[in-house]
Amino acid sequence: MKRLATAPHRLYFFLGAVSVLILFLWWWLQLQHPQTMAIPLHALLMPLGVFPLFILGFTFTAGPKWLSVSAEDDYFLLHGATYFCGLLLAMLAASLGLPALRSSGFALMLCAWLAVTWRWGSLIRRSTVADKKHAAAIFLAMCGGASALAATLIWSGGWSGAWVIARQFAFFGFLLPVFLTVCHRMLPFFSGNVLKPYIIWRPYWLLGTWLSGCALLVLSGSMQWRMLEAITATVMSLSFMYTSWRWGLLRSLANRMLAMLHFSFAWLAIVFALQAAGAFGTAVGSASVHALALGFMGTMLVGFVSRVTYGHSGRPLQVSNLLWCIYLGLHLAALLRILASLLSLDILIIASATAWLALLACWIAMMLPVYLSARADGQPD
């Protein structure tokens, strides 16, 4: 266990993987008793529990290199453990019906997140590199994460109106901007390393368009401005469709590790087509948010974390048949959940949740030993 203290990505990824397993098991158990399901809590606890620790693992591993600053951090153990314990406390308190204790859990998560946001901001201030745009975008998204957690804490305290604000900030003010910023910087870079010839295309106006769209979705969703939401989602769907083609979606099939990232990114065109359809009045239920959370974010998480885990443990960047099958299976499980919303079939919800739990358990079983082991190439962390 001492190896978890040697590098931020080891601790954050380890705790993130454990959180994923616990949260998906918790939700699977909730589905077995539909009369008592905590659906509003599920809509906040899952995004704010599954992704943030992984985001910290990547940010504090790759980020200092982007900024050319020292990566020394004596507090990542405290920050990671505090967020993780807050998550467990919130989930346990919700299961036991203790709202005050649940609020304490969210308060711990918020405190930890404010601390890491301050830490990231301090690295940006110390950096002397000319281009800090990606780092600044992630900082703004982390502030959005703090807003989501603050709204969640207020909702937990009794103001039901804060739930919509918390959900909008969680997805469109925090998680999606982080994912889009990382994809904008890394997908063309990874593709250029594998595909030859390859022209790297990642104009900043494209990232600016995406982040502006996210801000409009936070606003339109919170205020229930459906036409603004519909137009924004339509523009974003078309932009993602074009970007997938421009970045070489079909060419990525030449390399499984690269294809995992491109296939996940391709979900975004579907996500926002569904969201636009719903905003225009088509009955899609929760299809768009599950396409976003599971289809895009869930599968991208597996692709990115697997790549970073292998790369920073001195292992070959190769996708085994088992990992490839797990990854493709998650796409199918995401499709099941979307169909469940479109067709209003509860049995598909249970089937999807069971598949996600089983597949993620297999993936986590592959990843956890790596964080507890020395690098395969003998190099230091």
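How many disulfides does a search of the whole structure find? In this predicted model, the search returns zero disulfides. A disulfide is a covalent bond between the sulfur atoms of two cysteines. For Cys 85, the closest cysteine sulfur belongs to Cys 111 and lies 13 Å away, which is too far for a bond, given that a disulfide requires the two sulfur atoms to be within 2.5 Å. Cys 183 is likewise in no disulfide, its nearest cysteine sulfur being that of Cys 214, at 12 Å.

| Residue | Relative accessible area |
|---|---|
| His 9 | 6% |

Turning to helix packing, the axes of helix 3 (residues 52-67) and helix 5 (residues 99-126) come within 11 Å and cross at roughly 10 degrees, so the two helices are roughly parallel to each other, the cut-off for that description being an angle under 35 degrees. On the helix 3 side, the contact is made by Pro 52, Leu 56, Thr 59, Phe 60, Gly 63, Pro 64 and Leu 67, which meet Trp 113, Val 116, Arg 119, Trp 120, Leu 123 and Ile 124 in helix 5. The residues of this contact divide into ten nonpolar, two polar and one charged.

His 9, finally, is found in helix 1 (residues 8-31) and counts as buried. Leaving aside residues up to four places away in sequence, His 9 touches Phe 14, Gly 57, Thr 61 and His 312.

Key. Residues are numbered from 1 along each chain as its sequence is written. This is a predicted model: local features need pLDDT of at least 70, side-chain atom pairs count only at pLDDT 80 or more; totals for chains, interfaces and linings use all residues. Side-chain values use heavy atoms; hydrogens and water are left out. Axes are lines fitted to C-alpha atoms, for helices over the stretch in contact, and angles run from 0 to 180 degrees between N-to-C directions. Helices (H or I, at least four residues) and strands (E, at least two) are DSSP runs, numbered from the N terminus. Angles under 35 degrees count as roughly parallel, over 145 as roughly antiparallel, 65 to 115 as roughly perpendicular and the rest as oblique. Contact means heavy atoms within 4.5 Å. Ala, Val, Leu, Ile, Met, Phe, Trp, Tyr, Cys and Pro count as nonpolar, Asp, Glu, Lys and Arg as charged, and the others, Gly among them, as polar. Buried means under 20% relative accessible area, exposed over 50%, partly exposed in between (1.4 Å probe, protein chains only).
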